[in-house]
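The account below moves from the pocket to the backbone.

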Amino acid sequence: MEDNKIIDLFLSRDESAITQVSEKYGSRLRSLAYNILGDLTAAEECENDTYMEAWSSIPPHEPRSYLFPFLARITRHTALDICKERNRLKRNALISELSEELEQCIPSPEDTESRIDSILLSEAINAFLSTLSEDKRNVFIRRYWFMDSVNDIAKRYGMSQSKIKSILFRSRNQLREYLEQKGIEI
């Protein structure tokens with residue numbers, strides 16, 4: 001079913017909208033949550049929470065042209081909230097690893113001078129991503145937004161793990177330089 005028709009079901013408060021979304025995007029949403037949580041049961045709960053949040057958010061939102069990104073964002077935030085809750089006293093290894101990889105490019109929220117509005121930072125990162133080739137952008141997003149492993153990304157794009165690591169390393173360096181050029185202190 002097309003996204004427009006699914007949105008129409010949500011707007012008319014037809015419960016089959018959830019069934020349609022689940023059939024179309026369920027496995028991708030579950031996979032995203034699993035990549036963050038590493039627990040299939042928690043990933044399934046996160047997927048269900050996504051459907052409930054979508055039910056509450058549509059209306060007023062009508063993500064006709066971006067339904068999957070809309071749902072994926074909800075899933076990602078829900079999974080990260082679960083991860084934070086589980087690991088309040090200890091840091092999750094994957095989240096810690098990804099944070100360490102990007103901390104050299106992204107301003108520290110603890111540094112008062114580096115504090116900027118999150119919307120401006122988001123816009124700067126999106127502008128940077130648009131400067132990358134499609135392959136490099138996809139690798140960067142798969143790693144830092146979907147939290148795929150280097151091995152999974154290599155398999156997905158038919159590249160070696162060392163090639164993926166090289167792309168990520170260079171992209172992080174380019175991001176750092178780009179942010180510095182835009183006046184965003186690192």
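For the classes used here, Ala, Val, Leu, Ile, Met, Phe, Trp, Tyr, Cys and Pro count as nonpolar, Asp, Glu, Lys and Arg as charged, and the others, Gly among them, as polar. In this predicted model, the lining of the second largest pocket comprises four nonpolar, two polar and five charged residues. The charged members of that lining include Arg 28, Arg 142 and Asp 148, while Leu 32 and Phe 68 are among the nonpolar ones. The space in this pocket amounts to about 180 Å³.

Two helices, helix 2 (16–37) and helix 8 (150–157), each provide at least two lining residues. The greatest contribution comes from helix 2, with four residues.

The loop that joins helix 7 (134–144) to helix 8 contains Met 147. Although Met 147 is not a glycine, its phi is positive, at about 60°. Met 147 counts as buried because its relative accessibility is 8%, under the 20% limit.

A positive phi also occurs at Arg 13, a residue other than glycine, where the value is near 60°. Arg 13 is located in the loop between helix 1 (3–11) and helix 2. With a relative accessible area of 36%, Arg 13 is partly exposed.

The peptide bond from Ile 58 to Pro 59 is cis, with omega near -15°.

Key
Residues numbered from 1 in each chain as written. Predicted model: local features only at pLDDT ≥ 70, side-chain atom pairs only at ≥ 80, totals over all residues. Heavy atoms only, no water. 1 Å grid on protein atoms, 1.4 Å probe; cavity = no way out; pocket = protein on both sides within 12 Å on 5 of 7 lines; lining within 4 Å. Points joined across faces, edges and corners; volume = space filled by probe spheres on them. Buried < 20%, exposed > 50% of the residue type's maximum accessible area, 1.4 Å probe, protein only.
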